[in-house]
Amino acid sequence: MFTIFVAPNSIRVLFWIFGGFCWLVSLLVGSLFWIIWYSATSTGSALQTDLTFASLITVIVQEGFRLLSLWGLANAVERLESINIRGRTRSGMAGSSGHFVLGLGFGTIACLFHSMNVMASALGPGSPGLEIDGVSHGSPSFYITSAFLSAALTFNHCAWTVILGSSLNKGLKDSWYLALFVAAAHLLTTGTSLFNNQGSIWPCIITSWIVVIASAAVAFREAGLKGLASTAEFHN
Amino acid sequence: MTQRGEDNPAGPVGPVRRTDVLPEQTQTRQRNQSNPVDRVSESSTSENESSSAQDTELKYGAEAVINLFIPVTACMIFVIASVQCLSSYSGQQKQTVSFIYTPFHPADDDSAGTIIWQTVANSLIMISVIAVMTFVLVLLYKYECNMLLGGWLIFSTMTLIFMFGYFYLQQILKVNNAALDWVTLGIVMWNFGIVGIICIHWKGPLFLQQCYLIISAALMALIFIKMLPNWTTWLILAFLSIWDLIAVLCPYGPLNMLLQLANDREDELFPALIYSSGAGIAVPTVMVTTSAGTFLAPLLGMAETSDPSPQEEVQVRQPRSQRSSERTRTDERREGVKLGLGDFIFYSVLVGKASQLHDWNITLACILSILVGLSTTLIILAFFKKPLPALPISLTLGLIFYFTTTYVIAPFMDLCIMKQVFL
């Protein structure tokens, strides 16, 4: 997706990086919260390994940052569009294209953060997911789960940003259901991923990919595309 | 690095200079030589001209930013790859040899107080060496000791490319347990080095010059990563961003004086110290220069610059109507945004040091923060149109994110990844 839609256009690359940076900052705030909360209330290491509350807060923070970055994007695009451009018809960032690029930034960095260490460990001594002496370090299908879920995460972030962006454009009062959809979808995927450690990985994978398809459908509709053929428009 | 492509014959100077100081001739020359895009914008009415000029500048600004992103990213990737693969750079071995500029080597089991004062002392020594070298460079340039300057530069480029290149090659061979005979080695190193020197100091394809500059910056960064003690590196980076601010923005800062001198003499700045993106379109942005003097050859304590003999340049530019190939070559080099090589080096030092921890989250966070810092600097540049230091914002962001990622984000993410919780 990056090569086709973002790379040819320089301004998009800039906003792609900006999107990634926003995700990073949101993660920073979330983990600050995790550290402060858990070091303040730790009654033993058991509490620190329970991620439920922390991930909930992090998801909320991420959505907040998505809103913030969409607002920033709107300002920047307004500035860019107001520049009298000669010789070029569009700045390539108008409307949903801009949201898409930002979402792709979010998604790429999220995917990288979640999967790069896993891939690096795959090369080194030992492998994640092996059962050693009866202690399970994750299921044997660790890699597959990681890979599929990271990919789903990327698509999801893209789609959610587009949806949220268009809902902001329409004004929150009219399209609150879109924002709610995004929040609900995100909480759903993260929530089911909390089950990953406790045995079955299928709830998360299935729900994640269903959410991907649903979010993509809503995003396409919001962006005004009728079918896959019109994605060629985005190329410019 | 000029704004409108073939700016004034001196070359890279900020638009401030252009509007103030330029004589009539050079302005008409600009009009004659402008490329099609400029012609379009210049054909508008005079009152629109200044605004459209600014528009074109801002629009092409994005491409200039990307033109700089690519080499910076390439340099960082090279350094990270070397740190990951070559054990000599990855901090696992105890470092016995080190710079004479950092005489204190805190051992791991020293008390916190000892480590602190030794680190501070090391960093102060290093920064003062850099500052002194920069001043010496400016003085040499001011009093026109061109032979000395030129010789110094060429000598230090030679040292850098040959010695550090050879050391790097040694490491590659060691890691792969491969043997290479002296004859092949001699031929390879000789060719590599000589072509490098020719490209950087004399004439050569722009792309090749850019490659060599990136390679030499990366080699330098690797040496810094290898030789400097851990905490000293971080403190030096912090001090450097402060020094950079002072050197470029204060009126008596050495780099500021250097730029003024170069501008007054209408000279082109040292190619070996500056990476030119040579965009090929009239990228009307200003030079971003920094830490020109910090590109040190540590073992010899010499700053690196290169001074293409100004006389030749002037002669080439004199016949205006002539579009000789030499002119297009030098013009190509003068177009595009320029970034000092010191910036490349210290960005790569930050990122390389971060990747020594072998945690990709930290490395990614640092790369991202540096790129965001660089784009912010370039955006500010587009508004202020004077030479700006490129180090402070990027390094500050990079350092902040390095430490926060290591201590705050990494434990959280490790836990998430282990439990396979996807945020």
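User: Hi! Which backbone nitrogen does the side chain of B:Asp244 reach?
Analyst: Hello! In this predicted model, the side chain of B:Asp244 reaches the backbone nitrogen of B:Leu391, at 3.3 Å. A polar contact here is a pair of N or O atoms within 3.5 Å; within protein, one must be able to donate a hydrogen and the other to accept it, and residues adjacent in sequence count only if both atoms are side-chain atoms.

User: Is B:Asp244 buried or exposed?
Analyst: B:Asp244 is buried, with a relative accessible area of 1%. The classes are buried under 20% relative accessible area, exposed over 50% and partly exposed in between, using a 1.4 Å probe and protein chains only. B:Asp244 has its place in helix H9 of chain B, residues 230-249. Helices (H or I, at least four residues) and strands (E, at least two) are DSSP runs, numbered from the N terminus.

User: Switching to the interface: how many residues does each chain put into the contact?
Analyst: Chain B gives 41 residues and chain A gives 50 residues, with contact meaning heavy atoms within 4.5 Å. The two chains bury about 4300 Å² between them, 75% of it on carbon and sulfur atoms. That area is the accessible area (1.4 Å probe) that two parts lose on being put together, summed over both.

User: Which three residues supply 20% of the area that chain B buries against chain A?
Analyst: They are B:Gln420, B:Phe422 and B:Leu423, and they supply more than any other three residues.

User: How many salt bridges and polar contacts are there?
Analyst: Between chain B and chain A there are zero salt bridges, where the rule asks for a side-chain nitrogen of Lys or Arg within 4 Å of a carboxyl oxygen of Asp or Glu. Two residue pairs are in polar contact across the interface, both at pLDDT 80 or more.

User: Which helices of chain B supply residues there?
Analyst: H4 (46-85), H14 (360-384) and H15 (391-419) of chain B each supply at least two residues of the side that touches chain A. The largest share, 15 residues, comes from H15(B).

User: Now chain A. Where is A:Arg66, and what does it touch?
Analyst: A:Arg66 is in helix H4 of chain A, residues 52-82. A:Arg66 is buried too, with a relative accessible area of 0%. Leaving aside residues up to four places away in sequence, A:Arg66 touches A:Phe106, A:His157, A:Trp160, A:Thr161, A:Leu164 and A:His186.

User: How many helices and strands does chain A have?
Analyst: Chain A has eight helices and two strands, in the order α-α-α-α-α-β-β-α-α-α along the sequence. Of its 236 residues, 46% are buried.

User: Last one: how many disulfides are there over all chains?
Analyst: The count is zero, with a disulfide being a pair of cysteine sulfur atoms within 2.5 Å. For A:Cys111, the closest cysteine sulfur is in A:Cys158, 11 Å away, so the two are too far apart for a bond.

Notes. Residues are numbered from 1 along each chain as its sequence is written. Chains are lettered from A and ligands numbered from 1 in the order in which they are written. This is a predicted model: local features need pLDDT of at least 70, side-chain atom pairs count only at pLDDT 80 or more; totals for chains, interfaces and linings use all residues. Side-chain values use heavy atoms; hydrogens and water are left out.
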